[in-house]
Amino acid sequence: MPYAMNSKQFESVLALSSEERNTHFIGKVADWEQLWAVKNKDGWLVPVTEDNLEYFPVWPHPEYAQKIADEHFPGHVATEISLEEFTNHWLPTFEKDNVKVGVFPNKEWVLWVMEATDLLECLEDECEQYE
């Protein structure tokens, strides 16, 4: 179950810079132990930039994932990934396959791109604060 959010929070967080949204993402994901990505009948969304950079976009709440994906990639559905699965399976796979993580794209599809190992380190550091 995701955290409660109202429309004012939704808009104010989206108005943050990419770096600030990244910090927000790390905190929320560590706290709630869940994140969201989007997929359709063909699989998970993994865009490729003009310079062949593959990345996996993720959000801290399904409402962000769904509304933003609807604008840019209609037909995709927000899907929950547990923090444990993300850190133990997804991030090592991304590292092996040289796929970056696109943290918290906003309405303009501006996002913070991270190496999988860097995101793992940030999430682990944040989670240690909860122990």
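Contact, in what follows, means heavy atoms within 4.5 Å. Helices (H or I, at least four residues) and strands (E, at least two) are DSSP runs, numbered from the N terminus. This is a predicted model, in which local features need pLDDT of at least 70 and side-chain atom pairs count only at pLDDT 80 or more, while totals for chains, interfaces and linings use all residues. Residues are numbered from 1 along each chain as its sequence is written, and side-chain values use heavy atoms, with hydrogens and water left out.

Let's start with helix 2 and helix 5. On the helix 2 side, Phe-25, Ile-26, Gly-27, Val-29 and Ala-30 meet Leu-119, Cys-122, Leu-123, Glu-126 and Cys-127 of helix 5. Sorted by type, this contact has 8 nonpolar residues, 1 polar and 1 charged. Here Ala, Val, Leu, Ile, Met, Phe, Trp, Tyr, Cys and Pro count as nonpolar, Asp, Glu, Lys and Arg as charged, and the others, Gly among them, as polar.

How do the two helices sit against each other? Two packed helices are described by the angle between their axes and the distance between the axes. For helix 2 and helix 5, the axes come within 9 Å and cross at roughly 55°, which makes helix 2 oblique to helix 5. The axes are lines fitted to C-alpha atoms, for helices over the stretch in contact, and the angles run from 0 to 180 degrees between N-to-C directions. Angles under 35 degrees count as roughly parallel, over 145 as roughly antiparallel, 65 to 115 as roughly perpendicular and the rest as oblique. Helix 2 passes helix 5 in a right-handed crossing; a crossing gets that label if the near helix is turned clockwise from the far one by less than a right angle, and is left-handed if anticlockwise.

Stay with helix 5 and look at its other partner here, helix 4. Helix 4 (residues 83–97) and helix 5 (residues 116–128) pack at about 155°, their axes 9 Å apart, and are therefore roughly antiparallel to each other. This crossing of helix 4 and helix 5 is left-handed. Helix 4 brings Leu-83, Phe-86, Thr-87, Leu-91, Phe-94 and Glu-95 to the contact, and helix 5 brings Ala-116, Thr-117, Leu-119, Leu-120, Leu-123 and Cys-127. That contact splits into 9 nonpolar, 2 polar and 1 charged residues.

Some of these names come back in the largest nonpolar core, which has 40 residues; Phe-25, Phe-56, Tyr-64, Phe-86, Phe-94 and Leu-119 touch the most other members. Helix 4 gives the largest share of this core, 5 residues. A nonpolar core is a set of buried Ala, Val, Leu, Ile, Met, Phe, Trp, Tyr and Cys residues joined through side-chain atoms within 4.5 Å. Buried means under 20% relative accessible area, exposed over 50%, and partly exposed in between (1.4 Å probe, protein chains only).

Tyr-64 takes us to another helix pair. Helix 1 (residues 7–14) and helix 3 (residues 62–72) pack at about 70°, with axes 11 Å apart, which makes helix 1 roughly perpendicular to helix 3. Gln-9, Phe-10, Val-13 and Leu-14 in helix 1 meet Glu-63, Tyr-64, Lys-67 and Ile-68 in helix 3, a set of 5 nonpolar, 1 polar and 2 charged residues. Helix 1 passes helix 3 in a right-handed crossing. Leaving aside neighbours within four places in sequence, the contacts of Tyr-64 include Tyr-3, Met-5, Trp-59, Ala-69 and Phe-104.

Now for a few single residues. Gly-102 sits in strand 5 and, at 0% relative accessibility, counts as buried. Beyond four places in sequence, Gly-102 touches Tyr-55, Phe-56, Pro-57, Val-58, Leu-111 and Trp-112. Glu-128 in helix 5 is exposed, with a relative accessible area of 53%. The C-alpha atoms of Glu-128 and Ala-30 are 9.1 Å apart, although 98 residues separate the two along the chain.

Finally, check the backbone. Most residues other than glycine have a negative phi. Asn-52, in the loop between strand 2 (43–44) and strand 3 (55–58), has a positive phi of about 65° and is exposed at 62% relative accessibility. Asn-98, in the loop between helix 4 and strand 5 (100–103), has a positive phi near 60°.
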